[in-house]
Amino acid sequence: MFEEKAEKEDSSPSKDLLHLVVFELSGEEFGVDIMQVSEIMPVSKITRVPQAPECVKGLINLRGKIIVVIDLNRRLGFSPKESDSLSRIIIVEVRDTMIGMLVNSVTGVLKLPVSSVEPTPDMIKSKINAEYLTGVGKKGDRLLVLLNLARVLGEEEIDELSQLSSAPSPSSEQLPEENI
């Protein structure tokens, strides 16, 4: 009987589950679709960009590719936090542009049933721009704020970031290379 139940669970479509990378910002847990995440890395040397938007932390060289890193705390309106040993850069792809998101820590990968996602409460919408959110997921006693990465950065901002990462200055030779 147990084997039959296990087979039924395995055959259920994966579209009923969200696969999320879970991270922490300002004491709260957030989740993003794992399909948009290409890698998670420790914070390395980030080269500042003069006159960049406030949320842009700078640039990194990831195996020869220049990636713009945004401070997700600043972008979402939280107080910025100094990077420490738990801080991570989540490399994501948004509209064919690779972007690094600086977060306080990554707590893991989680499968969440779609049925456990509820609309974002007004209290959260008042603190974070509602268009950045897809809902709130419940897993046991945990609540996860689910982010829509395509909306966290608008089209114009993604175009700007894309230009920054392909800009000739600073050159990729000037940036230390990460071989993670």
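Is F23 buried or exposed? F23 counts as buried, because its relative accessibility is 0%. The model described here is predicted.

- Six strands make up an open sheet with mixed pairing, in the order 8-1-2-11-10-9.
- Strand 8 (105-113) and strand 9 (117-118) are the edge strands, each pairing on one side only.
- Strand 1 (residues 17-25) runs antiparallel to strand 8, and 8 bridges join the two.

- Beyond its neighbours within four places in sequence, L147 is in contact with residues including F23, F30, L72, L76, Y132 and V152.

**Aromatic rings**

- The whole structure holds 2 aromatic pairs.
- F30 is buried, with a relative accessible area of 0%.
- F23, F30 and F78 are linked into a cluster by ring pairs.

**Salt bridges**

- The count of salt bridges comes to 5.
- R63 and E39 form one, with their closest N and O atoms 2.5 Å apart. Because R63 lies in the loop between strand 4 and strand 5 and E39 in strand 3 (residues 37-42), the pair ties together parts that are 24 residues apart in sequence. R63 is partly exposed at 43% relative accessible area, whereas E39 counts as buried at 17%.
- E54 forms a salt bridge with R74, the closest N and O atoms being 2.9 Å apart. E54 is in the loop between strand 3 and strand 4 and R74 is in helix 2 (residues 72-75), so this pair connects parts 20 residues apart in sequence. E54 counts as exposed at 63% relative accessibility, while R74 is partly exposed at 35%.
- E118 and K138 meet through their side chains in a salt bridge of 2.8 Å, N to O. With E118 in edge strand 9 and K138 in strand 10 (residues 133-139), the pair ties together parts that are 20 residues apart in sequence. E118 is partly exposed at 38%, and K138 is partly exposed at 37%.

How values were computed: Residues numbered from 1 in each chain as written. Predicted model: local features only at pLDDT ≥ 70, side-chain atom pairs only at ≥ 80, totals over all residues. Heavy atoms only, no water. Pairing = 2+ DSSP bridges. Helix = DSSP H or I, 4+ residues; strand = E, 2+ residues; numbered from the N terminus. Contact = heavy atoms within 4.5 Å. Phe/Tyr/Trp six-rings, centres within 6.5 Å; stacked < 30°, edge-to-face > 60°. Buried < 20%, exposed > 50% of the residue type's maximum accessible area, 1.4 Å probe, protein only. Salt bridge = Lys/Arg side-chain N within 4 Å of Asp/Glu carboxyl O.
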